[in-house]
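Please read the following walk through the structure with the sequence and the model side by side.

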Amino acid sequence: MIRFIDVHKEYDNGTKALKGVNVRIDDGEFVFLVGPSGSGKSTLIKLITAEIAPTGGRVMVNGFNLNNITPRQVPQMRRTLGVIFQDFRLIEKKTVYENLSFAMRAIGASNRELRRRIPYVLQLVGLEQKGDRFPGQLSGGEQQRVAIARALVNNPNMIIADEPTGNLDPQRSLEIMMLLERINELGTTVLVVTHEKNLVNRFNKRVVTIENGRVISDETGGYYNVEKI
Amino acid sequence: MSRKFNAGYYVSEGFHSIFTHGFMSFAAVCMIVACLIIMGSFTLLAVNLDNTLGDLESENEMLVYIDDALTQDEARMLQPKLAQVDNVAQLTFVTKEQAMADYKAKHNDNIAVLKDLPDEALRDRYRVHVYDIERMAETQAALEQVPDVAWVRAAIEIADGFVMVRNIATAVALVLIGILLVISLFIIANTIKLATFYRREEIAIMKMCGATDGFIEWPFVVEGMLLGLTGALIAFFAQWGLYQMVAKFAVQGNGLSLVNMISYSSMATTILAIFCGVGVFIGVVGSLFAIRKFLQV
């Protein structure tokens, strides 16, 4: 669960990225976070992943109070999240299997756990035959599936996808979004940051719209209302 | 999931990184070798100088002249009292006859010299060697306080000269070793920093997956340790060759009997241990310095 209570974030250069944001995302939800460039979406994601700290208000993520989280607790908190990026961020010199095992080893998983979990996750994202391929040998859609598999491999409570379809064609984008929806149906909370109006409107999920550091709409079963922003 | 200290993984990652960034690893090892050899050379110079000075110091004795009024037996009885004086290492009683014989032998039966022979030459005396020549003046004063001691002759200026030379040599060696250590740390830190820079994306991914700083640091620490150890081993053998060459030159070249070089093999274990210790220290501390910046994610 994520809770933002009157959250403010002002950077050292004086930029006020968030101005009193209130958002609550419960376990098991699928939420789109939309808004134009510079609206504060990235700041919101960075606050969730504890890359930055708020300058005002309270942020709670999966039971961790990020206002007074200790450096030692940050890795524990991040293990409850799986993050997917627009540019995939796969390690080019590692195979698909190694990219996943790398993520599992990062939290101290044993070889036995790797052997058990990775094939299951690869099957879930439809890449069970491509474990020995390098990222450069895969299409963009497949690379994003690997990134999703890596986000899932440590069995997080929540997936945060930051523009996951930004580098994909419409068909691959739809496939990725359907995969995320399926993951959500399996019980994982999903937060998708996107600009893709058609995709957002097609899935009929909760949509939180942010503009100029403020949440201007939060509608369940909502849509990307371009006129609003 | 089970959480454990995965030493095998850290070592394998450390090894892998060394070969992935082969040129930088080679450069780092070369710099460690160079720094250790320069450090080692100065240290060995200081050790040999210390040893030579030690030999010369041990020959620097004091003479304690006994009051003429005492018989030879009474003079011998003074030995326990003199031995109790702090810093006295060794006492040798010399009778006035023996002293005269030594004197004549030394001056080759020169009649003119014997005519002007000073009175004290005929006194019974003790040759005294001390533990610490820095405290020679203090020991001289203490010996003069012992009843029935007429006076004490000590070459304080020579002793002070030895002490000054030794102290300067030690200070110069220490300063140079310190400077070279800092330079080595800087170089290895930059090498590891470069390796870390290449892998910043991996580090960011690991951090985002919930890896602890320790988990990320260990492979770099192992890498630094291995680079340091490799450099130390190469430096040890190179230093050996260099030392043998210098020792041969020192003996053959000027035939100075004063210079008594210690054999490398007698110090080999200590040198190897020090080189490995310094190499590993440079590698590990350098790695930790280098990686700190990249952990701020």
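Arg3(A) stands opposite Arg24(A) of strand E2(A). This is a predicted model, in which local features need pLDDT of at least 70 and side-chain atom pairs count only at pLDDT 80 or more, while totals for chains, interfaces and linings use all residues. Residues are numbered from 1 along each chain as its sequence is written, and chains are lettered from A and ligands numbered from 1 in the order in which they are written.

The two strands involved are E1 (residues 2-10) and E2 of chain A, which run antiparallel and are joined by 7 bridges. Strands and helices here are DSSP runs numbered from the N terminus, with at least two residues (E) for a strand and at least four (H or I) for a helix. Two strands count as paired if DSSP finds at least two bridges between them. E1(A) also pairs with strand E4 (residues 56-61) of chain A, in the antiparallel sense and over 5 bridges. In that pairing, Ile2(A) stands opposite Val61(A). E4(A) in turn pairs with E5(A), again antiparallel, over 2 bridges, and there Met60(A) stands opposite Asn65(A). E4(A) and E5(A) form a hairpin with 2 residues between them, and Asn62(A) in the turn has a positive phi of about 45°.

Taken together, 4 strands of chain A form an open sheet in the order E2-E1-E4-E5, with antiparallel pairing. E2 (16-25) and E5 (64-65) of chain A stand at the edges with a single partner strand each, so one side of each is left without a neighbour in the sheet. Strands of a sheet pair through backbone hydrogen bonds, either parallel or antiparallel.

Within strand E1 of chain A lies Asp6(A). The phi of Asp6(A) is positive, near 50°, in a residue other than glycine. Asp6(A) counts as partly exposed because it has 13 C-beta neighbours inside 10 Å. A residue is buried if 20 or more other C-beta atoms lie within 10 Å of its own, exposed if 12 or fewer do, and partly exposed in between, with C-beta atoms placed from the backbone. Phe88(A) is another non-glycine residue with a positive phi, of about 70°. Phe88(A) is found in the loop between strand E6 (81-85) and H3 of chain A, and it is buried because 20 other C-beta atoms lie within 10 Å. Most residues other than glycine have a negative phi.

Further along chain A, Arg206(A) is found in strand E9 (residues 206-211). Arg206(A) is partly exposed, with 18 C-beta neighbours inside 10 Å. Gly221(A) is 15 residues from Arg206(A) in sequence, and the two are 4.9 Å apart in space, C-alpha to C-alpha.

Which residues touch the most other members of the largest nonpolar core? They are Leu33(A), Ala149(A), Ile159(A), Ile160(A), Leu180(A), Ile32(B) and Leu36(B), in a core of 103 residues. A nonpolar core is a set of buried Ala, Val, Leu, Ile, Met, Phe, Trp, Tyr and Cys residues joined through C-beta atoms within 7 Å. Helix H10 (residues 213-254) of chain B gives the most to this core, with 11 residues. Apart from this core lies another, of 17 residues, among them Tyr126(B), Val130(B), Val149(B) and Val152(B).

In chain B, helix H9 (residues 200-209) has buried residues including Ile203(B), Ile205(B) and Met206(B). Gly210(B) follows H9(B) and has a positive phi, near 100°.

As a whole, chain A has 7 helices and 10 strands, and buried residues make up 44% of its 229 residues. Chain B has 11 helices and 4 strands, and 29% of its 297 residues count as buried. Two residues are in contact if their C-beta atoms, placed from the backbone, lie within 7 Å. Among contacts with a separation of 6 or more, residues 24 or more positions apart account for 66% in chain A and for 86% in chain B.

Between the chains, 18 residues of chain A are in contact with 17 residues of chain B. On the side of chain A that touches chain B, the elements that give two or more residues are helix H2 (73-78) and helix H3 (96-105) of chain A. H2(A) gives the most to that side, with 3 residues.
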